[in-house]
Amino acid sequence: MKRQIPLAFCFLFGIAMIFTQFSPHSYSQAVYKEVIDWGLIISPFAMVLAVVTLIQTHVTRINLRTEHWQYSLIVFVGMIVMVLIGVPFGPQNSIVEWLYNNVQVPMDASMFSLLAFFIASAAFRAFRARSFEAFLLLATAMIVMIGNVPVGDLVWNKVMSWMPWTDGASWLRQWILDVLNNAARRGIILGVSLGVISQSIRIILGIERSYLGGGD
């Protein structure tokens with residue numbers, strides 16, 4: 001029964017959502033709104049489960065003294081401070097806003113700044129022209145990057161003003177994005193969509209049961 005009931009709910013709600021998406025009738029739209037409301041009610045319970053899982057994970061790291069376990073203490077300090085300040089006084093009080101603007105925002109900016117270096121490192125390894133396809137990837141990436149930075153505009157539009165087109169790399173970059181990139185992106189999206197549809201059908205029919213945990 002522990003498996004049959006979730007499978008039955010998954011089948012019923014899956015069929016109901018498919019019905020609401022392809023039927024403009026007011027009854028189907030009312031069912032869709034009702035299911036969305038149920039989802040909003042379930043979301044706080046999912047948040048509680050996520051918080052409990054986060055606490056268990058970091059408690060385990062502290063107990064086992066894993067690598068960089070000290071950062072888990074910072075996680076708990078941040079959680080406790082925000083709960084003690086945010087719950088009694090609400091999210092709009094000046095202390096919460098100060099913590100968000102002066103702690104959260106700078107940390108987000110630092111994280112994304114570091115991410116740029118990781119992307120550059122990955123791009124350096126991926127764009128090595130070891131094959132013809134890699135060379136095309138490298139050449140296209142260089143054209144797009146040169147067309148997006150001010151130095152690239154200066155080089156292509158000023159120094160190489162004798163080129164047949166007036167916008168230089170900017171024109172070629174836009175053509176690559178609008179024609180070549182869109183064609184490849186639509187093919188990828190089509191393949192992903194077909195995969196999502198097939199996987200959804202497997203889940204609705206109970207063929208795919210990995211989301212229940214354990215074996216079949």
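**Group meeting: a helical protein chain**

Let's start with helix H3, residues 70–89. It has 20 residues. From its first C-alpha to its last, helix H3 reaches 29 Å, close to the 28 Å expected at 1.5 Å a residue. Keep in mind that this is a predicted model.

Which residues of H3 are buried? They are Ser-72, Phe-76, Ile-85 and Gly-86. Here is a general point to hold beside that list. An α-helix has 3.6 residues a turn, so residues three or four places apart point the same way. Look at the helix above with that in mind.

What follows H3? Gly-90 does, and its phi is positive, near 85°.

Now step back to the whole protein chain. How many helices and strands does it have? Seven helices and zero strands. Along the sequence, the pattern reads α-α-α-α-α-α-α.

Next, burial. The protein chain has 216 residues, and 15% of them are buried.

Then contacts. Residues 24 or more positions apart account for 34% of them.

One last stop: Ser-23. This residue sits in the loop between helix H1 (4–22) and helix H2 (26–64). Is Ser-23 buried or exposed? Its relative accessible area is 14%, and buried means under 20%, so Ser-23 is buried. What does Ser-23 touch, leaving aside its neighbours within four places in sequence? Ser-23 is in contact with Ser-28 and Gln-29. Find Ser-28 and Gln-29 in the structure above, then trace back to Ser-23.

How values were computed:
Residues numbered from 1 in each chain as written. Predicted model: local features only at pLDDT ≥ 70, side-chain atom pairs only at ≥ 80, totals over all residues. Heavy atoms only, no water. Helix = DSSP H or I, 4+ residues; strand = E, 2+ residues; numbered from the N terminus. Buried < 20%, exposed > 50% of the residue type's maximum accessible area, 1.4 Å probe, protein only. Contact = heavy atoms within 4.5 Å. Expected span 1.5 Å × (residues − 1).
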